[in-house]
Amino acid sequence: MAAKPFSLGYVGIGLMGGPMTRRLVSLGWSVRAYDIVAERSAVASAAEAARGVDVVLLNLPTNDAVKAAVFGPDGVAAAVSGKQLVVDFSTIPVSECRAHAARLLEQTGCRWVDAPVSGGPPAAAAGSLTVMAGGEEADLERLAPLMRDISARCTRMGALGAGLAAKMINQLIVGVGHAMLAEGVALCGKAGIDAARIPDCLAGGYADSNVMKAYWPRMVEGDFAPRGYLRQLLKDLEMVNDWAGGMKAPAPMLGQALSLYRLAASHGYSELDSSAVVKIYK
């Protein structure tokens, strides 16, 4: 196995970070991993994961978690320098990403790339994620060997924050799509047709999609074991709603989907898979 071109620190070994780190190690990458859950960690702090590696990867569930991991006690900022690079796979507000990057650059000289992903844990394990990236072109070129090993597609959308802007669009489409699928499953029941046959019936037509392939069967079968938490998609939709509102951009379909997800969370479905939004219709 050929040697990999740089070493990695990884902060956030959860639903997405766990399978990604296992894949990277299996491909020969040197990965120093840290998570707030001690059993997942190889080191004692985010600073220790970052110290002396070439690239620090973040994969965290919230903006607060990113701030704590980077700027908190024993955080990444205490250990990095201008020779290193931080790559954030997390989905956080665009403005917060830019603020974190500016702060880190001022304090340490270390640059930041936003690289939110889509595809869920199965794609993280298979190396078939879709990566939406923002940052300097030279930094993305430097990261190309890593991106080839974790993704089927990595697109630099522009300057810092552009990757997260693209992720906002992704989450808008996915979130509204979930709600639409849930309504379709419920209508099948009312119409007396077999909902399980719909994906095959619609395959290849305009209604076919990766979202339907992944989530329709879960909704029909009531399989809500979390591949991605409902609370996480709700968090992302709230973020997209704030982002759109800040630009004074109308988003009525987003508003409808957001109402359904808020209702699902109020019913206690937050820790289930995001497809559990269908339970609102039952």
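1. Basis. This is a predicted model, in which local features need pLDDT of at least 70 and side-chain atom pairs count only at pLDDT 80 or more, while totals for chains, interfaces and linings use all residues. Residues are numbered from 1 along each chain as its sequence is written, and side-chain values use heavy atoms, with hydrogens and water left out.

2. Secondary structure. The chain has 11 helices and 8 strands. Both are DSSP runs numbered from the N terminus: helices are H or I with at least four residues, and strands are E with at least two.

3. Overall size. The radius of gyration, taken over C-alpha atoms, is compared here with a globule rule of 2.2 Å times the number of residues to the power 0.38. For 282 residues a compact globule would come near 19 Å, and the 20 Å of the chain agrees with that. Along the principal axes, the C-alpha atoms fill a box of roughly 60 × 45 × 35 Å.

4. Of the 282 residues, 48% are buried. Buried means under 20% relative accessible area, exposed means over 50%, and partly exposed lies in between (1.4 Å probe, protein chains only). Contact means heavy atoms within 4.5 Å. Among contacts with a separation of 6 or more, 70% join residues 24 or more positions apart.

5. Surface and charge. The accessible surface is about 13100 Å², and carbon and sulfur atoms hold 55% of that area. Areas come from the Shrake-Rupley method with a 1.4 Å probe; for residues, only the protein chains shown count as cover. There are 27 positive and 26 negative side chains, with the centres of the two sets 1 Å apart. Lys and Arg count as positive, Asp and Glu as negative, and His and the chain ends are not counted. Each charge is placed at NZ of Lys, CZ of Arg, CG of Asp or CD of Glu.

6. Cysteines. A disulfide is counted when two cysteine sulfur atoms are within 2.5 Å, and the whole structure has 0 of them. Both cysteines are covered: C97 is buried at 1% relative accessible area, and C110 is buried at 0%.

7. L272. This residue follows α11 (252–266), in the segment after that helix. L272 is partly exposed, at 27% relative accessible area. What does L272 touch beyond four places in sequence? The list is F224, P226, G228, Y229, L230 and K279. The C-alpha atom of L272 is also 6.0 Å from that of A225, although the two are 47 residues apart along the chain.

8. N241. Helix α10 (residues 230–246) contains N241, which is partly exposed at 27% relative accessibility. Apart from neighbours within four places in sequence, N241 is in contact with L254, L258 and R262.

9. Positive phi. D74 is not a glycine, yet its phi is positive, at about 55°. D74 sits in the loop between α3 (63–71) and β4 (85–88) and is exposed, at 52% relative accessibility. K248, also not a glycine, has a positive phi near 55°. K248 belongs to the loop between α10 and α11, and with 75% relative accessible area K248 is exposed.
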